[in-house]
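Subject: Structure for you, with notes

Dear colleague,

Here is the structure I said I would send. Please open it first and read the notes beside it.

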Amino acid sequence: MRVLGLETSCDETGVAVFDTDRGLLSHRLYSQIAVHAEYGGVVPELASRDHVRKTLPLIKEALAEAELTVQDLDAVAYTSGPGLVGALLVGACAGRSLAWSLGIPAVGVHHMEGHLLAPMLEDNPPAFPFIALLVSGGHTQLVQVDGIGEYTLLGESLDDAAGEAFDKAAKMMGLPYPGGPALSALAATGDDQRFRFPRPMTDRPGLDFSFSGLKTFTRTTILQQAVDGVLADSDKADIAAGFEAAVVDTLTIKCKRALKQTGIQRLIIAGGVGANKRLRAQLKEAVESLGGEVCYPRLEFCTDNGAMIAFAGAQRLLAGESADLAVSVVPRWPMTELNAPGAG
Ligand code: KG4
Ligand code: ZN
């Protein structure tokens, strides 16, 4: 089955063609960074309009790269939530109507299920069960995955998501949007011991997170170090390093705790913050020291992309799921509401 996957839930337009026999045939990504940079964050209406401009050209490019035409497609999968409603509607309208015009099925995909299954696009996909650390701009969750659609939420952030905390701290330091990668690059040049950020909620049992206190600590540290409102480059780098170390340590502590608590040996990391090099290295070391293994998607499939949507959609299409003709999207949609493919 050849599935076209469309991702338009936020600020990236992703398109891919996945073949259930041959694997990923092509993928194309367009990032809206330049559109939102001057505003310091995603402007929803501009995001929707840019998806309108880019979705069809990217579909043409992805098909050309796979040496296919639309007639060769067997189904279409599009992100139907969670995300920005206008942005989601662009991919859903394009995907649902393309499938209707071709007389093929379409399926709406949960964005976080896409992230969760992204490591399965790699050559040695992880076997079930595993623990997933989902860390994106909107979510920080630890999920026990017993199979596709069989998700048990073990813990989540009570306030800001890890990516959101990176973005907000970066903004306070005057770094360009998107803040996560910029803060991380700066952190690589700083001293992570100079400012001792807290490791929130690690001193009590449980698997929930809280990152909003790190934001306050960042603001206070900036105010203490700034001279006439200006922060020296070395101070900025040291604050970035201290902040990144705190987020990574906190995530690592909770992941180890989740593995111990469930007795599961395998951890997968998914979502945009999974692109963070320090997090990848530290989690690998920590989990291997427990005798477990860590699986990540390749860097380009950690952040939003069409390949993960085509793959997740294909699993549900193979089980006979398909969307009706109404174009519907779900801006807020807990992943635990999902069922195993075909179970309705
Ligand atoms: O999964 P994603 O592309 O979009 C959402 O579904 O939210 O994640 C985007 C988030 C942003 O908050 C971004 O700053 C963060 O992932 N991010 C990073 C890195 N790359 C992306 N955070 C820390 N270090 C990175 N290298
Ligand atoms: Zn995402």
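Predicted model: local features only at pLDDT ≥ 70, side-chain atom pairs only at ≥ 80, totals over all residues.

Residues are numbered from 1 along each chain as its sequence is written, chains are lettered from A and ligands numbered from 1 in the order in which they are written, and side-chain values use heavy atoms, with hydrogens and water left out.

Confidence
The score used is pLDDT, the predictor's confidence in each residue, from 0 to 100. Its mean over the protein is 97, and 100% of the residues reach 70 or more. Confidence is lowest in helix H1 (residues 33-37), with a mean of 95, and highest in E1, at 99.

Overall form
The protein has ten helices and ten strands. Helices (H or I, at least four residues) and strands (E, at least two) are DSSP runs, numbered from the N terminus. For 344 residues, a compact globule would have a radius of gyration near 20 Å, and the protein agrees, with 20 Å. That radius is taken over C-alpha atoms, and the globule rule is 2.2 Å times the number of residues to the power 0.38. The C-alpha trace spans about 65 × 45 × 30 Å along its principal axes.

Of the 344 residues, 53% are buried; buried means under 20% relative accessible area, exposed over 50%, and partly exposed in between (1.4 Å probe, protein chains only). The protein exposes about 14,300 Å², and carbon and sulfur atoms supply 52% of that area. Accessible areas come from the Shrake-Rupley method with a 1.4 Å probe; for residues, only the protein chains shown count as cover. Among contacts (heavy atoms within 4.5 Å) with a separation of 6 or more, 71% are between residues 24 or more positions apart.

First sheet
Five strands make an open sheet in the order E3-E2-E1-E4-E5, with mixed pairing. Strand E3 (23-31) and strand E5 (106-110) are at the edges with a single partner strand each, so one side of each has no neighbour in the sheet. Neighbouring strands here are turned by 20° against each other on average, direction ignored. Two strands count as paired if DSSP finds at least two bridges between them.

Strand E1 (residues 2-7) and strand E2 (residues 12-19) run antiparallel and are joined by six bridges. Within that pair, Leu4 is opposite Val17 of E2. Helix H10 (residues 306-318) packs on the sheet and touches E1, E2, E3, strand E4 (75-81) and E5, its direction making about 130° with that of E1. E2 and E3 are also antiparallel, over eight bridges, and a hairpin of three residues joins them. Phe18 faces Leu24 of E3 there. Helix H2 (residues 44-65) lies across E1, E2 and E3, at about 150° to E3. For such angles, axes are lines fitted to C-alpha atoms, for helices over the stretch in contact, and values run from 0 to 180 degrees between N-to-C directions.

Strand E6 (residues 130-135) pairs with E7 in the antiparallel sense over six bridges, and four residues lie between the two in a hairpin. Strand E7 (residues 140-147) has seven of its eight residues buried. E7 is in turn joined to strand E8 (residues 150-156) by six bridges, again antiparallel; Gln141 has Glu156 of E8 as its bridge partner. The hairpin of E7 and E8 has two residues between the strands, and Gly149 takes a positive phi near 80° in it.

On its other pairing, E6 runs parallel to strand E9 (residues 266-270), over four bridges. Ile131 stands opposite Gln144 in E7 and opposite Leu267 in E9.

One side chain
Phe217 lies in helix H7 (residues 212-225). Is Phe217 buried or partly exposed? Phe217 is partly exposed, at a relative accessible area of 29%. Leaving aside neighbours within four places in sequence, Phe217 is in contact with Arg196, Phe197 and Pro198. Gly206 is eleven residues from Phe217 along the chain, and their C-alpha atoms are 23 Å apart.

Regards
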